[in-house]
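Thanks for coming, everyone. Please take a look at the structure on the screen. I will go through it contact by contact.

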Amino acid sequence: MWRCAGLAGDAQKAETKEEFVKVKRRDLERLTTEVMQLRDFLPKIVNGDILGTFQKLDAIESMQARWSTYYFVYLIYPITDMEKKEEEIEQLKMDCEHFRARLETAQADCMREKKSKAVKFFTITAQTMESFVKSLSEDMKQQDLDSDENQFVLALAGIVTNVAALACGREFLVSSSRELLDTMMHLLGDMKPGLCTKFKVLMLMSLYNVSINLKGLKYISESPGFIPLLWWLLNDPDAEVCLHALRLLQSVILEPEVLAKSASEMRDTLPFQRIIALSKSRNADLQALAKELLEDLKILEYEV
């Protein structure tokens, strides 16, 4: 039998209680052999597995690091680019708003400047027209209708007609150039029938265009002597003058609010016989308009 004792010396035996285990020699030898085998092979097995595991772990961590970096680059950097683009777009918007404000200011200044010049131009136009009519001789046969002066006045009247053909032009004339409207109505009443027909037609066309604007129609129709002026013009021997006089009269009749103020005067002074005569004119346009106007005038029978 093999006796296993503790490592303490003989001096400690008296103070320490010793314990003994009985082991067969054959079992001890087998155990010793197994321990020695484990000590030889276990480090190789354990170290290999652990090393392989750590290598795999390291590889996985490296891969994760690479993918993390990739995603970081893929996600973060594009966002950064987008943010830069958004900042650039925002800056462009601000610049655009700034330039738009400057443009609007410049346009407003330009419009104000043009309106100052336009008012002056139409004032001069009214004065020039008036001077021209005053300069006409009593016998128009002696008047050179092809003279530069005559052509210049016709050109001015044509400009007024074209301006009045535009909505903004009508609004401008009735709000800022009423002196010109007054002058044209005054001149139409001063010129004798059959004379300066082209000039009359252009002025009547201008007044008709202005009458398309309700404010313009009210201003023209409420001007002193407007209804007698129409009757005066309807006695002109020129078909074009009569045609445009009828058009201006029709503008008044077809607007209920304006007609209500003029109906009484029209019933008392309306030259029905002259309009009936014009409805039989050889001029097809004048005949058609006169017939149409006679139908429109029936409304006067119901106006109080």
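Start with lysine 218. Is it buried or exposed, or something in between? Its relative accessibility is 25%, so it counts as partly exposed. The cut-offs matter here: buried means under 20%, and exposed means over 50%. A word of caution: this is a predicted model.

What does lysine 218 pair with? Its partner is glutamate 257, in a salt bridge. The closest N and O atoms are 2.7 Å apart. Glutamate 257 is partly exposed too, because its relative accessibility is 41%. Now look at where the two sit. Lysine 218 is in helix α6, and glutamate 257 is in helix α9, residues 256-269. That is 39 residues apart, so this pair links distant parts of the chain.

Stay with helix α6, but move to lysine 215. This lysine meets glutamate 171 in a salt bridge, at 2.5 Å from N to O. Glutamate 171 belongs to helix α3, and lysine 215 to helix α6, residues 214-221, so the pair ties together parts 44 residues apart in sequence. Both ends are partly exposed: glutamate 171 has a relative accessible area of 29%, and lysine 215 comes in at 46%.

How many salt bridges are there by this rule? The count is six. Here is one more of them. Lysine 134 and glutamate 130 meet through their side chains, 3.9 Å from N to O. Both lie in helix α1, four residues apart, or about one turn of the helix. Lysine 134 counts as exposed, at 65% relative accessibility. Glutamate 130 is at 28%, so it counts as partly exposed.

There is also a charge over a ring. Find arginine 247. Its charged end sits over the ring of tyrosine 208, 3.9 Å from the ring centre.

On to the aromatics. The structure holds three aromatic pairs. Take phenylalanine 121 and phenylalanine 122. Their ring centres are 5.2 Å apart and their planes are at 70°, so this pair is edge-to-face. The cut-off for that label is over 60 degrees. Phenylalanine 121 is partly exposed, with a relative accessible area of 31%. Phenylalanine 122 is buried, at 6%.

Phenylalanine 122 also pairs with phenylalanine 172. Here the centres are 5.9 Å apart and the planes are at 45°, so the pair is tilted. Phenylalanine 122 lies in helix α1, residues 25-134, and phenylalanine 172 in helix α3, residues 167-176. So this pair ties together parts that are 50 residues apart in sequence. Phenylalanine 172 is buried, as is phenylalanine 122.

Last stop: the core. In soluble globular proteins, nonpolar side chains tend to be buried together. What is the size of the largest nonpolar core here, in residues? It has 61 residues. Met129 and Phe199 have the most contacts inside it. Which helix gives the most to this core? That is helix α8, residues 239-253, with nine residues.

Now zoom in on methionine 129. Set aside its neighbours within four places in sequence. Its contacts are then Val153, Leu156, Ala157, Val160, Leu180, Met184, Leu187 and Phe199.

Note on methods:
Residues are numbered from 1 along each chain as its sequence is written. This is a predicted model: local features need pLDDT of at least 70, side-chain atom pairs count only at pLDDT 80 or more; totals for chains, interfaces and linings use all residues. Side-chain values use heavy atoms; hydrogens and water are left out. A nonpolar core is a set of buried Ala, Val, Leu, Ile, Met, Phe, Trp, Tyr and Cys residues joined through side-chain atoms within 4.5 Å. Buried means under 20% relative accessible area, exposed over 50%, partly exposed in between (1.4 Å probe, protein chains only). Helices (H or I, at least four residues) and strands (E, at least two) are DSSP runs, numbered from the N terminus. Contact means heavy atoms within 4.5 Å. Rings of Phe, Tyr and Trp (its six-membered ring) pair if their centres lie within 6.5 Å; planes under 30 degrees apart count as stacked, over 60 as edge-to-face and the rest as tilted. A charge sits over a ring if NZ of Lys or CZ of Arg is within 6 Å of the ring centre and within 35 degrees of the ring normal. A salt bridge is a side-chain nitrogen of Lys or Arg within 4 Å of a carboxyl oxygen of Asp or Glu.
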